[in-house]
Amino acid sequence: MLKINNLHASIEDKAILKGINLEVKPGEVHAIMGPNGSGKSTLASVIAGKEEYEVTEGSIELENEDIEELAAEERAHKGIFLSFQYPVEIPGVSVTNFMKTAINETRKAKGLEDMPAKDMLKMIRDKSELLEIDRKFLSRSLNEGFSGGEKKRNEIFQMAMLEPKLAILDETDSGLDIDALRIVANGVNKLKSKDNAVIVITHYQRLLDHIVPDFVHVLYNGKIVKSGGKELAHELEAKGYDWIKEEVNA
Amino acid sequence: MSKYTEDDLREELKTKEYEYGFFTDIESETFPIGLNEDIVRAISKKKDEPEWMTEWRLEAFKVWKEMDEPEWANVHYQKPDFQSIAYYSAPVAVDPNKTLDDVDPDLLAMYKKLGISIDEQKKMNNIAMDIVVDSVSVATTFKKTLGEKGIIFMSISEAIKEHPELVRKHLGTVVPQKDNFYAALNSAVFSDGSFCYIPKGVKCPMELSTYFRINQAGTGQFERTLVIADEGSYVSYLEGCTAPSRDENQLHAAVVELIALDDAEIKYSTVQNWFPGNAEGKGGVYNFVTKRGLCEKNAKISWTQVETGSAVTWKYPSCVLKGDNSVGEFYSIAVTNNYQQADTGTKMIHLGKNTKSTIISKGISAGKSQNSYRGLVQINPRAENARNFSQCDSLLMGNECGAHTFPYIEAKNKSATIEHEATTSKIGEDQIFYCNQRGIDTEKAIALIVNGFSKEVLNKLPMEFAVEAQKLLEISLEGSVG
């Protein structure tokens, strides 16, 4: 599904990603871990197509199509979803209105008519139940005055609504208490299928207790320096990142 | 996608033609340019006005001659040469008895281009329209339905002839001839406009609407509107404007007077889209408007405006809260782009006891434009327990525009409660990226963010107008993020 080859990316001439190789197949869950500043969020932004980052070398393919030239919204139309670490506020735009716009813009890009209001309502009802979201919440302005937990749950709600092929969860666990973490993780697990894939970016093991990864990668200084199964996450939790740094620097 | 820079923005804006920038070639009868007593008399004569009206105009002209153009507003422009403007222009061969079918097909085609199909509007929106093109009303609809309720809705020229007692009693009582430079000018030379009277206790069953349009090159337009809501009555009045593209500046100096007698309510909504000038700031309409409403006991006047056009705007729809318990409201969205300048706001004059006013102003600036809110809340000594709430929000796009807020508060009664809130924000790249990531392109994202920002005001507009206003906001701001 996603194939990243020797990806180099920089921002304002500062190299952040220095040769990433990653392949994600349908049905898989990949975890990307690593110390602060290793380039995890940059990787997420580059895959999603944030314009501030410049890809200097390498390629990103989604379903065998090079997506490097595509704008962020075109990548979204092709099924890439990013759950933001810091979701932004848009005052005066309700969650429902935002989702309606997002879904219909995506449909328009595919040459489809707007989703009928009836179907939209049913979808909203189903997905909000799935994520244990109070529907009153959906009439509030997007992320405005939301608690950390509400913001993250809202991100996963949007993921549920947009049904992406590839979902990237950037530090979705940060700012969540244990109950919110469980709800969010359950939501992601329910949305998982053999046809879609998830990349979980996190510092900590605890989210991975709930969303169990097939592969764990350690990102350090812009490169994936170690890959393994879910047991690697446990090892990192127990030993920290220093031993990885030492291994790399040795 | 490559980085969207200020240069891209500039390019894009340059290529964006004014949506309604076309010129319809209708044969017109235009007075010689310049202004003197003879011209004032000629206008009055042309319109077959009674003696008192001619005198009233002349009085205004005398006052105007002695006045200077105001310079206190935060706008800079080449002052119009008032002697190089033609003060009267009418589409030729107008017969007041004409029906829509008789209207110049070119004119109807023009409305169509503007999306104002009269028939459609009539059928679908239940709106009676008094259309003003270059000074003379060419079509009046729904008159009969309104007539059955005793509602008078006609051009002010007709009203001067048919209801002289009403016009004479009220004209100039809210905005006197000598009120200000432009009001005096308007009083002297106003060409036409609308008149509306709602009898006691009558709720006007439909939205009243007028479309104004400047059409003749070099013709200033001086509209005069007078709305009187008698005791216990209600009316919602819609006014919308578009103008064709022009190289030379066009002057628009309208006067609107609203009178809400005891227990009456007037809702006055405006969508203004005069030609704003091109991307270099050339051309565009000068919009110097005086709008004021008078509230008697328990009366309410609500101004809602969406201002997207004009090169220079100078406009302060105001309320004089004379009667006890009267209410004034001002809801405004002002958009400026390219080199547009807007100095707009409101005055809430609290005279009566327990009077209440609300001001919600949303300013959106893009390009190199300057957008100022100027508002006065005045609580007079007799106004016990007056209340005001003001909120002024500004949204900036790019780094070359300006937003300014000039709130004036004068409280001469200690029991007053006055609240003022103000915010300034900028559309951020993060907001845009967030929308992009959800599949919403940048244009649409801006529209979404702007609509969210403007929601409190858009919600105050009648439904069909809100849709039009939303569209206008989108058109006005296309490609405006830096």
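I began with one residue pair: A:Lys3 has A:Glu23 as its bridge partner in β2(A). I note that this is a predicted model.

Next I looked at the two strands as a whole. Strand β1 of chain A covers residues 2-11 and runs antiparallel to β2(A). I find eight bridges joining β1(A) to β2(A).

Then I traced the sheet around them. It is open, has four strands, and reads β2-β1-β4-β5 in chain A. The pairing is antiparallel. Which are the edge strands? I get β2 (14-24) and β5 (65-66) of chain A, each pairing on one side only.

I moved on to the contact between the chains. Chain A puts in 23 residues and chain B puts in 18 residues. On the chain A side, I list the elements that give two or more residues: α2 (72-77), β7 (90-94), α3 (95-109) and α5 (148-162). Of these, α3(A) gives the most, with five residues. I also sorted that side by class: 14 residues are nonpolar, five are polar and four are charged.

Last, I checked the largest nonpolar core, which has 187 residues. Which helix gives the most to this core? It is α11 of chain B (residues 442-458), with nine residues. Among the residues that touch the most other members, I noted A:Ile168, A:Val200 and B:Ala229.

Leaving out residues up to four places away in sequence, B:Ala229 touches several residues, including B:Ile198, B:Tyr234, B:Ile259, B:Leu261 and B:Ile266. B:Glu265 is also one of its contacts.

Notes: Residues are numbered from 1 along each chain as its sequence is written. Chains are lettered from A and ligands numbered from 1 in the order in which they are written. This is a predicted model: local features need pLDDT of at least 70, side-chain atom pairs count only at pLDDT 80 or more; totals for chains, interfaces and linings use all residues. Two residues are in contact if their C-beta atoms, placed from the backbone, lie within 7 Å. Ala, Val, Leu, Ile, Met, Phe, Trp, Tyr, Cys and Pro count as nonpolar, Asp, Glu, Lys and Arg as charged, and the others, Gly among them, as polar. Two strands pair if DSSP finds at least two bridges between them. A nonpolar core is a set of buried Ala, Val, Leu, Ile, Met, Phe, Trp, Tyr and Cys residues joined through C-beta atoms within 7 Å. A residue is buried if 20 or more other C-beta atoms lie within 10 Å of its own, exposed if 12 or fewer, and partly exposed in between; C-beta atoms are placed from the backbone.
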